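The entries below follow the order in which I looked things up.

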Amino acid sequence: MNVNIHHTAEVDQGCRIGEGTQVWHWSHISSKVIIGENCSLGQNVFIGDNVIIGNNCKIQNNVSIYDGVSLEDYVFCGPSMVFTNVINPRSEFPKKNQFKKTIVKKGVTFGANSTIVCGITVGEYAFIGAGSLVHKNIKPYSLVVGVPFKQIGWVSKFGEKLDLPIEGSGITKCYKTDCEYELINGNLKVKENNED
């Protein structure tokens, strides 16, 4: 199998790692993890039990992904960002039976040091700015920043800010890919450049 695991990494028996994936220094992958193909896990990454990571994901240094989190394909997790899995943790009262699911759709970017509170869905190709606190669902293609986060715009699949209002309706194109984006009642629809 073509998987590159650094000798300092701890990979527990039972996990599944796809072809072409790289695991770097001092990372720990728990036993019930599924990781897709062509992923990169940077230095000091922790992946907890029952985490699912799709293909072509990039997990940068010092990221923790805890039990209950699922990442679809092409998700980017910036350095030192973190997911949670319990709403109201207490050291005195373990709550492992209260883990909440967090679903991250295809193509999402999490900026460095962002924090994702559990029990939400992050829509495809959303872009979360560095240091942001995400505590509720995010619409696809949203550009969000702040603590707590606020939507400040829309982004293309390529990651470029789109010339559209946050609310209402409008049409624009991504100048990098020529894809057309239409905002209808606050929801963005994408028309690929090869569609009729």
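**Ground rules.** I take helices (H or I, at least four residues) and strands (E, at least two) as DSSP runs, numbered from the N terminus. The model is predicted, so I read local features only at pLDDT of at least 70 and side-chain atom pairs only at pLDDT 80 or more, while totals for chains, interfaces and linings use all residues. Residues are numbered from 1 along each chain as its sequence is written, and side-chain values use heavy atoms, with hydrogens and water left out.

**Entry 1: positive phi.** I looked up D178 in the loop between strand 23 (170–173) and strand 24. Its phi is near 70°, a positive value in a residue other than glycine. D178 has 45% relative accessibility, so it counts as partly exposed.

S80 is also not a glycine, and it has a positive phi of about 65°. I found S80 in the loop between strand 13 and strand 14. S80 counts as partly exposed because its relative accessibility is 31%.

Entry 2: I moved on to strand 24 (residues 180–184) and strand 25, which run antiparallel and are joined by five bridges. I count two strands as paired if DSSP finds at least two bridges between them. In this pair, E182 stands opposite K189 of strand 25. Two residues lie between the strands of the hairpin, and N185 takes a positive phi near 50° there.

Which side chains of strand 25 (residues 187–191) are buried? L188 and V190 are buried and point to one face.

Entry 3: I traced an open sheet of nine strands with mixed pairing, in the order 1-4-7-10-13-16-19-21-22. Strand 1 and strand 22 (150–154) are the edge strands, each pairing on one side only. Strands of a sheet pair through backbone hydrogen bonds, either parallel or antiparallel. Strand 13 (residues 76–77) and strand 16 (residues 109–110) run parallel, joined by two bridges. F76 has T109 as its bridge partner in strand 16.

I also checked the loop between strand 21 (142–145) and strand 22, where P148 lies. A cis peptide bond joins V147 to P148, with omega about -10°.

**Entry 4: around strand 1.** I5 lies in strand 1. I5 counts as partly exposed because its relative accessibility is 36%. For contact I require heavy atoms within 4.5 Å. Leaving aside neighbours within four places in sequence, I5 is in contact with V11, I17 and V23. I5 and H25 are 20 residues apart along the chain, and their C-alpha atoms are separated by 8.4 Å.

H6 is in the loop between strand 1 (4–5) and strand 2 (10–11). Its relative accessible area is 19%, so H6 is buried. H6 contacts V23, W24 and H25, with neighbours within four places in sequence left aside.

**Entry 5: V86.** I found V86 in the loop between strand 14 (82–83) and strand 15 (102–104). V86 counts as buried because its relative accessibility is 13%. V86 touches K95, F99 and C118, not counting residues up to four places away in sequence. From V86 to N97 is 11 residues in sequence and 9.3 Å in space, C-alpha to C-alpha.

**Entry 6: cores.** I take a nonpolar core as a set of buried Ala, Val, Leu, Ile, Met, Phe, Trp, Tyr and Cys residues joined through side-chain atoms within 4.5 Å. The largest has 35 residues, of which I65, L71, F83 and F110 touch the most other members. A second, separate core of 11 residues includes Y125, W154, C174 and L188.

**Entry 7: the largest pocket.** I work on a 1 Å grid over the protein atoms alone: a pocket is an open set of points where a 1.4 Å probe fits, with protein on both sides within 12 Å along at least five of seven lines, and lining residues have an atom within 4 Å of a point. How many residues line the largest pocket? There are 16, and Y74, G107, T109, Y125 and K157 lie nearest its centre.

Methods:
Buried < 20%, exposed > 50% of the residue type's maximum accessible area, 1.4 Å probe, protein only.
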